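Please look over the following briefing on a protein model, with its sequence and structure at hand. The points are grouped by topic, beginning with a residue and its surroundings.

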Amino acid sequence: MRARTAIAALLAATIALPLAGCFGLPGLDDVADQAEDFASQAQELADTLSDVDWGKVSRLVVRDAQTGEVVRELTDQDQIEGAFDPLSNENGLAAEPDADAEYAFELWQPETQKLGQDAADLDEVKVLEVTTYEGSPVVELEVSPIGLRLHLTSRAAADSLRALAG
């Protein structure tokens, strides 16, 4: 029974794709371009997360996403890295959930020292912000320096981050 349903859906899609332009629906080229964009963004996010120098992280600021109030601030590198560890194995893109934003987790680190710049003059830079949503396994990741924003489904990551807020 499932095979018939799958074949019928595939046949319907095959027939509908050439007609997509007639009905204002995206064509195969548009869908392929969107898939390529998502794959590129996912790869960029994975590269960015793997480039985070956890030993260089200066602090993690946990904010109430509704009020902006600081709930907690952490400087324990092992605790911060452990909370973000579940994200390293995730690659399932998701849509933004309908739920309200719950917590925003801002990851800060010192800026890279430039030639001739005194170490005392270094500022902190927000390199990553992760938002959890009430009752949702979806987390939003925003790579601040490049403006990349993606949603991933990860119950483990969402729960691990929520534990830091508590």
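In this predicted model, Leu87 has a relative accessibility of 3%, and because buried means under 20% relative accessible area, Leu87 counts as buried. The residue is placed in the loop between H3 and strand S3, the latter spanning 101–110.

- Although Leu87 and Ala157 are 70 residues apart in sequence, their C-alpha atoms are 5.7 Å apart in space.

- Pro137 belongs to the loop that runs between strand S4 (124–133) and strand S5 (138–143).
- With a relative accessibility of 22%, Pro137 counts as partly exposed, whereas Leu87, at 3%, counts as buried.
- When neighbours within four places in sequence are left aside, Pro137 is in contact with Leu152, Thr153, Ser154, Arg155 and Ala158.
- For one of these residues, Ala158, the C-alpha atom is separated from that of Pro137 by 5.8 Å, while the two residues are 21 residues apart along the chain.

Methods
Residues numbered from 1 in each chain as written. Predicted model: local features only at pLDDT ≥ 70, side-chain atom pairs only at ≥ 80, totals over all residues. Heavy atoms only, no water. Helix = DSSP H or I, 4+ residues; strand = E, 2+ residues; numbered from the N terminus. Buried < 20%, exposed > 50% of the residue type's maximum accessible area, 1.4 Å probe, protein only. Contact = heavy atoms within 4.5 Å.
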